[in-house]
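Good morning, and thank you for coming.

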Amino acid sequence: MRPLRPFAVPALGTVLLAALTACGGSPSGGGDSTAHTTDSKGSRTYGRCQVTGVPGSITLKTVEKDTLTVVGDLPTPGWWNGDTVAQIDDGYEYCMAANLAYRAGLPRLTVRNVPFDALVAGKANDFDLALAEISITDERREVVDFSTPYFASNIGVLVKAGSKVTETAIGDLQLGVKQGTTGADFVRDRLRPKKAPKVFAKDAELQAAVQAGLVDAALTDVAIVLGKANESKGRLRVVGQYETGESYGAIYPKNSANASALDTAIEGLKKDGTLARLGSTYLTKAFGGDPESIPLWSAK
């Protein structure tokens, strides 16, 4: 079984830079507000992230001067931690972005919320990169450019605690999926359930539908459903996963001049152990369990 696994790597160093986040909900992105702080010694910090590597080791042409602008479908437990977008100050992808900003020598990190389906459809372009647990697919490559992979992903099955959802019965049930995701594609193309799946715009809506009994099971990335199960305090659980062979990548605007430099930095984060450390720090806690303990199901 090869479930979720970070590709490999980091050693987190000193807290050094800063920036915060902003709400915004449209691809055009209005209403951003970025804040940066200094500690008692005058060092700038990026939320609560520790950063590694050499500042200025890559050069970027950013959409906003002295700022790395990152968008995603936020917040997401473990990946972007906070009750609201404005409160996000750590998490795997947030701190990955902080490390990229630091290595680019940029003093500010701006974070903005953009709907997932708009990101993968290439409808947003006023950003430097998008980080939203986005699986790399050939179809998406037609409208956006992807970074080098940074995380492997499977599709997980989220159900109510006590549910009798099984591998053999799942095709007869009412399933829920998130709009625009590879989980939605997997259900349609591979599972082919008897009932058309219900489609939801956000992870939180999908989770609520399972809890309310509107769907028997939700299918989306293991990394996401494990986090949802953990935060439900026992009301939800992940009963199975389907191996996909897919990986997460950052999205760049089509033909971004920064692609090569950002790929170099992401590979550096993998090789020096930074991403592995972020996984250990943020994802293990968010998952509340070992992904490898989840049974591997087969789509027949």
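Two strands are said to pair if DSSP finds at least two bridges between them. Please keep in mind that the model on the screen is predicted.

Let us begin with strand β9, which covers residues 175–178. How many bridges join β9 to strand β10? There are 3, and the two strands run parallel. Strand β10 spans residues 198–200, and within it K198 stands opposite G176.

Strand β9 also pairs with strand β11, residues 217–221. That pairing is again in the parallel sense, over 2 bridges. Here the bridge partner of G176 is A218.

Are the faces of strand β9 covered or open? Both are covered: L175 and V177 are buried on one side, and G176 and K178 are buried on the other.

I now turn to the disulfide. In general, a disulfide is a covalent bond between the sulfur atoms of two cysteines. The count for this model is 1, and the bond joins C49 to C95 with an S to S distance of 2.1 Å. C49 lies in the loop between β3 (44–45) and β4 (67–72), while C95 lies in helix α1 (residues 92–103), so the pair ties together parts that are 46 residues apart in sequence. The torsion about the S-S bond is about -80 degrees, and the disulfide is therefore left-handed. Both C49 and C95 are buried.

Terms used:
Residues are numbered from 1 along each chain as its sequence is written. This is a predicted model: local features need pLDDT of at least 70, side-chain atom pairs count only at pLDDT 80 or more; totals for chains, interfaces and linings use all residues. Side-chain values use heavy atoms; hydrogens and water are left out. A disulfide is a pair of cysteine sulfur atoms within 2.5 Å. Helices (H or I, at least four residues) and strands (E, at least two) are DSSP runs, numbered from the N terminus. Buried means under 20% relative accessible area, exposed over 50%, partly exposed in between (1.4 Å probe, protein chains only).
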